[in-house]
Amino acid sequence: MGLILDEAEVRADRERVEGFAQYLGVAQIRYDTGEVHHLVNKLERGELDMIASFPRKTPFKEAGFTRPFSGPDGDERVWGVRAGENAFLLAADRYLYQQE
């Protein structure tokens with residue numbers, strides 16, 4: 001799991017991600033923070049399952065993206081998941097929809 005935002009947004013995303021982990025029945029989350037290009041490369045290599053969160057209009061095309069949701073700053077955000085992980089992306093979309 002990668003986080004790419006400032007501290008206030010990271011806190012809000014951690015809460016959302018931890019809720020998603022509970023929704024999936026995942027007991028442990030490993031976080032990785034850093035520069036977005038580094039995290040996207042890790043996502044492509046399968047070293048991360050998801051990146052939280054991108055602005056809705058992201059230039060990255062190397063990932064699948066969830067439905068938009070409202071971030072703590074009011075901007076629309078999306079989570080990025082590894083390309084081809086359609087079931088995981090669908091689960092993330094369902095979870096985010098339930099949180100609205």
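Two strands pair if DSSP finds at least two bridges between them. Helices (H or I, at least four residues) and strands (E, at least two) are DSSP runs, numbered from the N terminus. The model shown here is predicted: local features need pLDDT of at least 70, side-chain atom pairs count only at pLDDT 80 or more, and totals for chains, interfaces and linings use all residues. Residues are numbered from 1 along each chain as its sequence is written, and side-chain values use heavy atoms, with hydrogens and water left out.

**View 1. Strand β6 and its partners.**
Phenylalanine 65 stands opposite glycine 80 in β6. Strand β4 (residues 63–65) pairs with β6 in the antiparallel sense over three bridges. β3 and β6 also run antiparallel and are joined by four bridges; phenylalanine 54 has valine 78 of β6 as its bridge partner. Five of the seven residues of β6 are buried, so the strand is mostly covered (buried means under 20% relative accessible area, exposed over 50%, partly exposed in between, with a 1.4 Å probe and protein chains only).

**View 2. The hairpin of β5 and β6.**
Strand β5 (residues 69–70) is antiparallel to β6, and two bridges join them. Serine 70 has glutamate 76 of β6 as its bridge partner. Five residues lie between the two strands of the hairpin, and glycine 74 takes a positive phi near 90°.

**View 3. The largest nonpolar core.**
A nonpolar core is a set of buried Ala, Val, Leu, Ile, Met, Phe, Trp, Tyr and Cys residues joined through side-chain atoms within 4.5 Å. The largest one has 12 residues, among them Val17, Phe20, Met50, Phe69, Trp79 and Leu96. Two or more residues come from each of α1 (7–24), β3 (50–55), β6 (76–82) and α3 (86–99). α3 gives the largest share, five residues. Another core lies apart from this one and has nine residues, including Leu39, Ile51, Phe60 and Ala63. In soluble globular proteins, nonpolar side chains tend to be buried together.

A salt bridge is a side-chain nitrogen of Lys or Arg within 4 Å of a carboxyl oxygen of Asp or Glu. The structure holds five of them. One joins the side chains of arginine 16 and aspartate 13, at 3.4 Å from N to O. Both residues lie in helix α1, three residues apart, which is about one turn of the helix. Aspartate 13 has 2% relative accessibility and therefore counts as buried.

**View 4. Two further salt bridges.**
Arginine 56 forms a salt bridge with glutamate 76, and their closest N and O atoms are 2.7 Å apart. Arginine 56 lies in the loop between β3 and β4 and glutamate 76 in strand β6, so the pair ties together parts that are 20 residues apart in sequence. Arginine 56 is partly exposed, at 46% relative accessibility, and glutamate 76 is partly exposed, at 39% relative accessible area. Arginine 45 forms a salt bridge with glutamate 47, with 2.8 Å between the closest N and O atoms. Glutamate 47 is partly exposed, with a relative accessible area of 37%.

**View 5. A nonpolar patch on the surface.**
Tyr23, Leu24 and Val26 form this patch, with about 230 Å² of accessible area together. Patches are made of residues with over 30% relative accessible area and no salt bridge; like charges are joined within 9 Å, and nonpolar side chains (Val, Leu, Ile, Met, Phe, Trp, Tyr) within 5 Å. Accessible areas come from the Shrake-Rupley method with a 1.4 Å probe; for residues, only the protein chains shown count as cover. Tyrosine 23 lies in helix α1 and is partly exposed, with a relative accessible area of 35%.
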